[in-house]
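Colleague: I am new to this structure and would like to learn how to read it. Could we take the features one at a time?

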Amino acid sequence: MANPLTLVVGVHLVLIEEDHVLLGLRRNTPYAAGLWHVPAGHLEAGETVTHAMTREADEELGITIAPDDLRLVHTLHHLDPDDGADRLQLFFRPVRYEGDADNREPEKCDRLAWWPLGRLPGNTVDYTVQALDEIRRGSPLSVAGRPL
């Protein structure tokens, strides 16, 4: 009998305006310090994925998103080569939100910047680049990391 897999679930916010996506330059973090990444976090015990995403949007950017205003635009099964963990990365795009995105976690994010979707910085998290490319193509699912 196979053992059921336990996955870490990541939630990622894809804010796009005029073909530019909002990225944050990570700092002082155990994962991807010095790399650009979309605003993101992890699902916590007892919350839904949409609640996790609205919580992270508020904590990291100071914006308010109603859970019903989130659209799942991509799912990425991330087979992390660094620690061997399996992660399910969910990418959400809001149809609307309130407030102006501001860096609310300067201890974890050096700065926020809008980048052209077709010209992301070279030091962007690999799976983020992949997911954004897949979103541009309209693909709902991809796999990144070690081969099965």
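Modeller: Start with aromatic pairs: rings of Phe, Tyr and Trp (its six-membered ring) pair if their centres lie within 6.5 Å, and planes under 30 degrees apart count as stacked, over 60 as edge-to-face and the rest as tilted. By this rule the count comes to two aromatic pairs. The model is predicted: local features need pLDDT of at least 70 and side-chain atom pairs count only at pLDDT 80 or more, while totals for chains, interfaces and linings use all residues. Residues are numbered from 1 along each chain as its sequence is written, and side-chain values use heavy atoms, with hydrogens and water left out.

Colleague: How is the pair of Trp-36 and Trp-115 arranged?

Modeller: A pair of aromatic rings is described by the distance of the centres and the angle of the planes. Trp-36 and Trp-115 are edge-to-face, at 5.3 Å centre to centre with 70° between the planes. Trp-36 belongs to strand 4 and Trp-115 to strand 8 (residues 109-116), so this pair ties together parts 79 residues apart in sequence. Helices (H or I, at least four residues) and strands (E, at least two) are DSSP runs, numbered from the N terminus.

Colleague: Is Trp-36 buried or exposed?

Modeller: Buried means under 20% relative accessible area, exposed over 50%, and partly exposed in between (1.4 Å probe, protein chains only). Trp-36 counts as buried because its relative accessibility is 3%, whereas Trp-115 is partly exposed at 24%. Phe-91 and Tyr-127 form an aromatic pair that is also edge-to-face, with 6.4 Å centre to centre and 75° between the planes. This pair links distant parts of the chain, Phe-91 in strand 7 and Tyr-127 in helix 2, 36 residues apart. Phe-91 is buried at 0% relative accessible area, and Tyr-127 is buried at 7%.

Colleague: Which strands pair with strand 7?

Modeller: Two strands pair if DSSP finds at least two bridges between them. Strand 1 (residues 8-13) pairs with strand 7 in the parallel sense over six bridges, and Gly-10 has Gln-89 as its bridge partner there. Strand 6 (residues 70-79) pairs with strand 7 in the antiparallel sense over nine bridges, with Leu-72 opposite Phe-92. The hairpin of strand 6 and strand 7 has six residues between the strands, and Gly-84 takes a positive phi near 75° in this hairpin. Seven of the nine residues of strand 7 (residues 86-94) are buried.

Colleague: What else does strand 6 pair with?

Modeller: Strand 6 and strand 9 pair in the parallel sense over five bridges. His-77 has Val-143 of strand 9 as its bridge partner.

Colleague: Which residues of helix 2 are buried?

Modeller: They are Tyr-127, Thr-128, Ala-131, Leu-132, Glu-134 and Ile-135. The arc is that of the directions from the helix axis to the C-beta atoms. These residues cover an arc of only 160° around the axis, which puts them on the same side of helix 2. The face turned away from that buried side carries the exposed residues Asp-126, Arg-136 and Arg-137.

Colleague: What follows helix 2?

Modeller: Gly-138 follows helix 2, with a positive phi near 80°.
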